[in-house]
Amino acid sequence: MATLRGWAQAVRAALTRPGVERAEGLLLLKAAIATVLAWQLAVHLLDSPEPFYAPMAALLVVDRTMVRSIGASARRVAAVVVGMSIAWLVGSLVGVTWWSMVLVMFVALLIGRWELLGDHGIQVPTMVLLSLITVNGTDTEFTYLTIVQTVLGGAVGVAVNAVVLAPMHLEEPRDALRDLTTRVQDLLGDIATGIREGWDADRARRWYHHATDLGDRVPEVLQAVETGRESTRFNWRHRLRPARIDWDGYVRTVEAVRRAQWQVAGIARTLVDAADEADRHPAPSSRWLRSYADVLDEVGAAISHFGVWADESREAVELHVDRALELLDEMSEQVRRTPLDDPHAWPAYGALVLEAERLARELRTSNEDASVPTDTGPLRAPLAESVPAVAQLQQQVPVVGEHLPRIIGRVSALGQPAEGTTVPPPAEDPVEGPAEGADAGGPARPS
């Protein structure tokens, strides 16, 4: 039941809003269309008695990006050609025997592990085994038809994937990156609140685990960014409306968050040690920690503007980082000049100051090159920028709109008498003969 509810939620999400569910649903639909289309073409175009390889190739090459789809098609065709060629060569020269099968299968398995063939390398030994066992590898028509079907299926899969809404993954990396930076900001806010309210070792461990989880999410976000960048290649939709995304800025942002996560995890780990009675690292004074919470608030405010390409956001990052560093300088000076309540607490003071300084300076250093997406504008350029005809039409529409009321008025006035004139009453239809005073040879009125 839980699985069925999950499927129902995914279907509902795909039908109601754009996102991962809709993209995956569209990919499944295109794979089904490509499979059936390749099957029918193999039956009616190639007159194949066993139309299996064309739909199978089409099914396997429909992928999340056009680059992967084209690459999968090329690798699958290469694997089938190599496998069938090996089978035909062995069957024609030495025949099918136990010792020839051992040798040829070893060679086929070795070639199948070639990294350039990727996941489709398994097709090499599969096709060798199928051809040698079914037709002894000597049936030229079977070999030819299998290769042609594979080529046809691969071409159909790539064509369907390209024509039917070629995949573009722009929302996923934006959402993943924004979620990552928001999680860092929320974690800093939670730590600041906990420091003010008081915390224990369990709460500090949760902070530490959340910080390490952020580091574990970094590869997933980088993968989403690379998939989004890849989806713009060989894509007619990108050519028509280019994606306005700084992909390198996305990557630099993720790397900056990864480095910042180290510092946040260090802060949480220090607080774990300070709250754990088993360790000899007492916590700093409550007054000092309240000031440290203010530092974390400033850093969190800087992260909220981090990587946003606007002068106001750049200035806000600088302002909040400067405030955080000023507070840290004051707090460090206080520790140097004021006797500590607990002399054993100096490691915690030093660790917290050092990690916060590194975090603030990391934000300042990375801010210029980072790019964090926001909801302030579309991810793709307007159609008018790449299609001049659309731009001309958009320029003409307002002009037509200005004159539209006058045009409607003129059309409505057609056939109406001019203002100030009197419409003569219609003449009575004569019972017989032409109207009085009319020319006898003139046309008669209609009855």
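## A buried arginine

The side chain of Arg 203 makes a polar contact with the side chain of Asp 190, at 3.3 Å. This comes from a predicted model. Arg 203 is part of helix H9, which covers residues 201-231. Leaving out residues up to four places away in sequence, Arg 203 touches Asp 190, Gly 194, Glu 197 and Gly 198.

Is Arg 203 buried or exposed? Its relative accessible area is 18%, and buried means under 20%, so Arg 203 counts as buried.

## A buried glutamine

Gln 263 sits in helix H11, the helix that spans residues 247-275. Its relative accessibility is 11%. Because buried means under 20%, Gln 263 is also placed in the buried class.

Which residues does Gln 263 touch, not counting those up to four places away in sequence? They are Glu 355, Arg 358 and Leu 359. Ala 211 is 52 residues from Gln 263 along the chain, and the C-alpha atoms of the two are separated by 9.1 Å.

## The nonpolar cores

In soluble globular proteins, nonpolar side chains tend to be buried together. In this model the largest nonpolar core has 62 residues. Leu 271 and Tyr 292 are the residues with the most contacts inside this core. Six helices each supply at least two of its residues: H8, H9 (201-231), H11, H12 (286-305), H13 (311-337) and H14 (346-366). Helix H11 gives the most to this core, with 13 residues.

Tyr 292 has contacts with residues from several parts of the sequence: Ile 195, Ile 267, Leu 328, Met 331, Leu 352, Val 353 and Ala 356, not counting residues up to four places away. There is also a second, separate core of twelve residues. Ile 86, Ala 87, Met 105 and Val 124 are among them.

## The cavity

Rolling a probe the size of a water molecule over the atoms shows where empty space is left. How many cavities of 30 Å³ or more are counted in this model? The count is one. The largest cavity has a volume of about 60 Å³.

The residues that line the largest cavity are Thr 181, Val 184, Ala 256, Val 257, Ala 260, Ile 303, Phe 306 and Leu 363. By class, seven of the lining residues are nonpolar, one is polar and none is charged. Helix H8 (171-197) and helix H11 each supply at least two residues of this lining. The largest share, three residues, comes from H11.

## The largest pocket

The largest pocket holds about 490 Å³ of space. Its lining has 22 residues, and the closest to the centre of the pocket are Ala 23, Met 168, His 169, Glu 171 and Arg 237. Which elements give two or more residues to this lining? They are helix H2 (20-44) and helix H8. The largest share, six residues, comes from H2.

By class, the lining of the largest pocket has eleven nonpolar, two polar and nine charged residues. The lining of the largest cavity, by contrast, has no charged residues.

How values were computed
Residues are numbered from 1 along each chain as its sequence is written. This is a predicted model: local features need pLDDT of at least 70, side-chain atom pairs count only at pLDDT 80 or more; totals for chains, interfaces and linings use all residues. Side-chain values use heavy atoms; hydrogens and water are left out. On a 1 Å grid over the protein atoms alone, a cavity is a set of points where a 1.4 Å probe fits but cannot get out, and a pocket is an open set with protein on both sides within 12 Å along at least five of seven lines; lining residues have an atom within 4 Å of a point. Grid points are joined across faces, edges and corners, and a volume is the space filled by probe spheres set on the points. Helices (H or I, at least four residues) and strands (E, at least two) are DSSP runs, numbered from the N terminus. Ala, Val, Leu, Ile, Met, Phe, Trp, Tyr, Cys and Pro count as nonpolar, Asp, Glu, Lys and Arg as charged, and the others, Gly among them, as polar. A nonpolar core is a set of buried Ala, Val, Leu, Ile, Met, Phe, Trp, Tyr and Cys residues joined through side-chain atoms within 4.5 Å. Buried means under 20% relative accessible area, exposed over 50%, partly exposed in between (1.4 Å probe, protein chains only). Contact means heavy atoms within 4.5 Å. A polar contact is a pair of N or O atoms within 3.5 Å; within protein, one must be able to donate a hydrogen and the other to accept it, and residues adjacent in sequence count only if both atoms are side-chain atoms.
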